[in-house]
Amino acid sequence: MRVYLARPYIGNEEFEAVKRVLESKFLTEGEVTREFERRFAEYCDAKHGIATTSCSTALELALRTVGVKPGDEVIVPDFTYPVTASVVALVGAKPVLVDVDLNSYNVTAERIEEAITDRTKAVMPVSLFGNPLEKDVYKIGEEYGIYVIEDAACSAGSTIDGKKVGSFADMTCFSFHPRKIITTGEGGMITTNNDEFAEKARSLKRFGIKNVNGQIRFAEFGTNYKMSDILSAIGLAQLKKIEEIVKIRSEKAKIYAELLEDIEGIRPPEVKPNVRHNFQSYVCYVEKEGMRDKIRQELSKMGVETQIGTYCLHLEPAFKKVKKVGSLENSEKLFHNALTLPLHHELTLEQQERICKVIGDLLGG
Ligand SMILES: Cc1ncc(COP(=O)(O)O)c(C=O)c1O
């Protein structure tokens with residue numbers, strides 16, 4: 001039997017919600033999206049939600065909203081999905097790559113501080129795989145007069161000291177890709193507590209339109225990153241289940257941690273005591289060089305899908321000439337040794353036991 005890496009938690013509610021929008025014949029961005037934005041922001045304890053077509057477009061929009069321009073530097077972790085840094089280059093600015101922590105997989109305040117120059121305009125920390133950032137990262141913005149744009153593609157529902165990710169940074173960007181905690185197929189959202197940023201992002205994602213004395217005016221060069229009401233209807237149905245989804249994932253993550261505990265050479269993901277990790281991805285670290293790929297091969301033969309963690313940007317062709325600060329050795333180690341195991345509501349205890357037995361046999365033998 002095939003064991004999928006991820007499965008979206010879709011039920012009748014989503015079908016019904018889409019049907020209602022289709023029947024209304026209003027299919028572009030409208031009231032349903034407004035409600036999804038309001039409710040998602042409320043869920044994150046943030047003042048504003050701005051829906052977009054993806055997290056990638058949300059990140060680009062956020063950079064343009066805070067005014068990142070050609071020549072500016074934006075600090076980005078080297079271990080992330082490449083688009084975190086690509087969008088910096090797409091707005092004409094310079095990504096600056098720094099290393100991440102080997103245990104949390106996230107960038108730290110220390111690494112960011114080492115890379116700050118008088119050209120630094122923003123930092124884009126990534127709360128990777130749903131593991132929240134350390135709080136010091138958010139303080140850097142005020143300390144150095146730079147913007148913090150969090151790539152929280154994976155982190156809907158994660159918390160720090162009981163407070164949801166989405167209200168700590170100047171702008172926080174989420175993804176609703178099917179591998180994420182909740183999904184709209186494709187889609188994204190920015191949350192912010194800053195009224196000016198919210199207004200500007202809303203205008204930029206809607207062709208640069210501004211309402212001036214009741215008239216539509218094209219105030220800036222905008223584009224179209226609007227979210228269709230069809231997708232927002234799915235988002236609203238998903239949002240109602242987000243706590244249940246995180247709970248199911250946490251329970252299964254706990255089972256993995258117990259099953260992997262006694263196996264030498266593999267480290268389950270780190271969870272700090274003051275955070276809630278949403279386990280968007282269950283990413284372990286395989287200590288023995290070369291064994292990650294052997295485990296993947298063996299599991300694949302049994303029909304079990306796995307993944308690497310994510311990418312080491314400086315090894316990818318697009319980032320060869322990009323500025324790097326300090327050693328990027330943790331990022332390289334994680335690129336070669338991080339292993340994502342299947343995690344979703346359909347995964348059974350028996351499947352988890354089988355997966356961990358294979359890992360144990362390979363690492364023990
Ligand atoms: C860390 C990170 N940032 C950004 C993205 C891009 O998200 P989207 O597919 O919604 O554009 C991803 C997608 O996997 C991601 O993992």
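How do strand β9 and β10 pair, and over how many bridges? Strand β9, residues 171-175, and β10 pair in the antiparallel sense, over four bridges. Please keep in mind throughout that this is a predicted model.

Let me stay with β10 for a moment. Its other pairing to mention is with strand β1, residues 48-52, again in the antiparallel sense, here over five bridges. Thr 172 stands opposite Thr 191 in β10, and Ile 50 stands opposite Ile 190 in β10.

Strand β10 covers residues 188-192 and is mostly covered, with five of its five residues buried. In a regular strand, side chains alternate between the two faces of the sheet. In β10, Gly 188, Ile 190 and Thr 192 point one way, while Met 189 and Thr 191 point the other way, and all are buried.

Next in the sequence I turn to helix α7, residues 195-204. The buried residues in α7 are Phe 197, Ala 198, Lys 200, Ala 201, Arg 202 and Leu 204. What covers them includes β1, α3, β9 and β10.

I now come to the nonpolar core. The largest one has 104 residues, and Ala 62, Val 74, Ala 122, Ile 149 and Cys 173 touch the most other members. Helix α3, residues 55-66, supplies the largest share of this core, seven residues. Domain 1 (12-239) and domain 2 (242-364) both give residues to the core, so it lies between them. In soluble globular proteins, nonpolar side chains tend to be buried together.

Leaving aside neighbours within four places in sequence, Val 74 is in contact with Val 68, Val 88, Ala 93, Pro 95, Val 96, Lys 121, Ala 122, Val 123 and Met 124.

In domain 1, 41 residues are in contact with 36 residues of domain 2. On the side of domain 1 that touches domain 2, the elements giving two or more residues are β3 (79-80), α4 (83-90), β4 (94-98), α5 (109-115), β7 (159-160) and α8. Of these, β4 gives the most, with five residues.

Helix α8, residues 229-239, also packs with helix α2, residues 31-43: their axes come within 8 Å and cross at roughly 35 degrees. The crossing of α2 and α8 is left-handed. From α2, the residues that meet α8 are Val 32, Thr 33, Glu 35, Phe 36, Arg 39, Phe 40 and Tyr 43. On the α8 side, they meet Asp 229, Ser 232, Ala 233, Gly 235, Leu 236 and Leu 239.

For β16, the antiparallel pairing is with strand β19, residues 338-341, over two bridges. In that pairing, Ile 308 stands opposite Leu 339 in β19.

Terms used
Residues numbered from 1 in each chain as written. Predicted model: local features only at pLDDT ≥ 70, side-chain atom pairs only at ≥ 80, totals over all residues. Pairing = 2+ DSSP bridges. Core = buried A, V, L, I, M, F, W, Y, C linked by C-beta atoms within 7 Å. Buried ≥ 20, exposed ≤ 12 C-beta atoms within 10 Å, placed from the backbone. Domains from an automatic or database assignment. Contact = placed C-beta atoms within 7 Å. Axes fitted to C-alpha atoms, helices over the stretch in contact; angles between N-to-C directions. Left-handed = near helix turned anticlockwise from the far one by under 90°.
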